[in-house]
Amino acid sequence: MAFTNSLLRFRANEDVLPEWALMVFRRHLHARRFMREVRITTNIAHLSAKRLRAVEFPIPPLHVQKQLVVRCDELLTGIAAVDTEAERSLRRASALRKALLRKAFSGRLVPQNPDDEPAAAVLDRIRAERAAQPKPKRPRARKVPTARKVAAIAAAPEPTETLVPPPSRSSPVTAVEETTTEPAPEVRAKAAAQTNSLVAKLWNYCNVLRDNGMSTIEYVEQLSYLLFLKMVDEMAEEAWEDDEIAQVIPPEYDWKSLVTKRGVELERHYRDVLDELGRRPGTTIGTIFAEAQNRITKPALLEKLVVELIGREQWMIQGTDLKGDAYEGLLNKGASDTKTGAGQYFTPRALIDAIVEVTQPTPDDIIADPACGTGGFLIAAHSYLRKHQMKGLSKEKRTALQRGDHIRGNELVTGTARLAAMNMLLHGIGTSDGPSLVTVGDALAEKPSGRHATLVLANPPFGRKSAINVIGQDGTVEKEDVEYDRDDFTATTSNKQLNFLQHIMSLTAVDGRAAVVLPDNILFEGGAGEKIRRRLLDEFDLHTILRLPTGIFYAGGVKANVLFFDKKLPRADGKPQTTKTWVYDFRTGQHFTLKQRPLTSAHLQDFVTSYRADDIENRKPSESPDGPWQVFTYDELIKRDKVNLDITWMKDPALEDADSDLEPEVIAQEIVQDLQAALDEFKAIAEALGGEVIEDEAELA
């Protein structure tokens, strides 16, 4: 501890952690505890070692010290993140004022008469007229030279005339946006049109059911039950006489048993069907119908759905991609139903496709997603295999691929697992009466057993805390934080994303690879986060980080990244596995929305090209040091404070360029994203401190 005229050295014994001692001294400093002991002479505060001994120093047990240090470190890191987001929002607010005025003076803020001259044009004309007018010359005051200046001028040599060209002004260049449009193949266009037509038809009926009080996700669930029954019926109808078709569903509970009934009788029988088919655990049927309930309360609406919508379509002749894409289109629309929180289960398809393209699944891979949601990653990986690997496969491997022997999904929520199982089935993955490809349960509860995955693709659900609902004797429901005590975890924490990262590190097989979407706090959070990042750099090859933009997820304020890493055996020389990490900044200067400017595969093409999946060792950074693709060595990363991997170097035009052409609505949206991220940090801090956080209904709407 340093004072104006003295330096006190504190040496902790084996009962005191240095980090704990630093916390105690910081606490005394903020509480001005030292000022009660200092001696002030000539306005200089002095604290002697003798007086320092009078300051109390609490010494809890070592394990308590460790817990307190880690906890405080995590919370202080969150507070620092809030400061950063708030500062960024204030800077954006300044840019928003200028952008708003610019839009107003350009005549684009409110509707105006097209014959009127915009205010900006008026100002430009006035400036041009003023510039064209000759400037009046001001009379200069005559100065009388001194005798010394007169003598110096007389003695100076005669100057030679030099022609200096006037400074040239480059003419403004009008930027012309070049767009290359490649006409889609005729077959693809026709399939897209059929898909859109089918989605529109299904969605229109969804609006009818939503008026009856049913959410979008509940509608898609009911649709899953009926689609499954109809598809099984079509398979049996189209089989040849000599084909042996296993009886998947008993006749008394099949599709034909539904379409022959009407009204209340149909509703009653539908409930019996759901109850019976849900009693087959471990199969695709059991997963789809697990805990199934009829949410359609009016028999007339159920009859219309069975007879007019599902019954009139031939789903098996639609083609795997068509019916699968139509179902996925419904899931996408369901994700926008924010009241149900369904958006947390949906990852943008463009992002999924880019991740799958650079990880390049192979037929020998065991592909796993421990938080599979509606199965987007698993379906995209299977589609990649069908597109790039099917030609060279034997008949046995093709059959195994269709059965989904290479697929392993896990989902905590039964209803979401149902959607994933149906989604994969409609995309031609698995069989209706075969083993379920989706396991329902808490993936974090136990460490992986059996064969590990050679490729892990995941986007764990958003939210900082792992919690369970505890129902008291009086019926009240309270949430309790869950910390997973696993011997394969580096750190014990209630942070859900950190636990998922540790689980994926264990789930990945040696020589396997992983790509996982994680929020920003995983990259900078102290305490447990720092320990896990150190292990990730030392024991795994964290070769790539993709910084994602805001506005691409249904959850507001989400700032996320994709971590790409490989698992390898320990090196013989004991050195860390990570030698360098490439970071692609796809966030700075990027602006996306879910409706007006959604993320597409074209936006990620530069990252896919820069990734060089076939030749990672020969990657090249961006030509400019301010470019989005840069590399950092292990030594550079490990020396950063708390091994902070949240690395930024690009300048945000909305923050750095006062004359940026960004529209005010874009800047306003970014302010909302920043403040939402800060609010999420505040919520996490409040919950960690035991506070009760009340969800804002407006936020959920």
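**Entry 1**

I then checked the cover of β12 (residues 580–585) and found five of its six residues buried, where buried means under 20% relative accessible area, exposed over 50% and partly exposed in between (1.4 Å probe, protein chains only).

**Entry 2: basis of the model**

I remind myself that this is a predicted model, in which local features need pLDDT of at least 70, side-chain atom pairs count only at pLDDT 80 or more, and totals for chains, interfaces and linings use all residues. Residues are numbered from 1 along each chain as its sequence is written, and side-chain values use heavy atoms, with hydrogens and water left out.

**Entry 3: the sheet**

I traced an open sheet of nine strands with mixed pairing, in the order β5-β4-β3-β6-β9-β11-β10-β12-β13. β5 (438–440) and β13 stand at its edges with a single partner strand each, so one side of each is left without a neighbour in the sheet. From one strand to the next the twist averages 15°; axes are lines fitted to C-alpha atoms, for helices over the stretch in contact, and angles run from 0 to 180 degrees between N-to-C directions. Further along the order, β10 is joined to strand β11 (residues 560–567) by seven bridges, antiparallel, and F540 has K567 of β11 as its bridge partner. Helix α13 (residues 349–359) packs on the sheet and touches β6 (453–458), β9 (508–519), β10 and β11, its direction making about 20° with that of β11; contact means heavy atoms within 4.5 Å. I also looked up helix α16 (residues 414–426), which lies across β4 (407–411) and β5 and runs at about 170° to β5.

**Entry 4: D488**

I found D488 in the loop between β8 (477–481) and α17 (496–507), and at 17% relative accessibility this residue counts as buried. The side chain of D488 makes polar contacts with the side chains of R486, at 2.7 Å, and S506, at 2.8 Å. A polar contact is a pair of N or O atoms within 3.5 Å; within protein, one must be able to donate a hydrogen and the other to accept it, and residues adjacent in sequence count only if both atoms are side-chain atoms. Leaving out residues up to four places away in sequence, D488 touches K447, P448, S506 and R535.

**Entry 5: confidence**

I checked pLDDT, the predictor's confidence in each residue, from 0 to 100: the protein chain averages 78, and 74% of the residues score at least 70. Over residues 159–183 the pLDDT is below 50, and this stretch has zero contacts in the model beyond near neighbours in sequence. Among the elements of the chain, strand β10 (residues 540–547) has the highest mean pLDDT (97) and helix α24 (residues 697–700) the lowest (35). Where pLDDT is low, the predicted coordinates should not be read in detail.

How values were computed. Helix = DSSP H or I, 4+ residues; strand = E, 2+ residues; numbered from the N terminus. Pairing = 2+ DSSP bridges.
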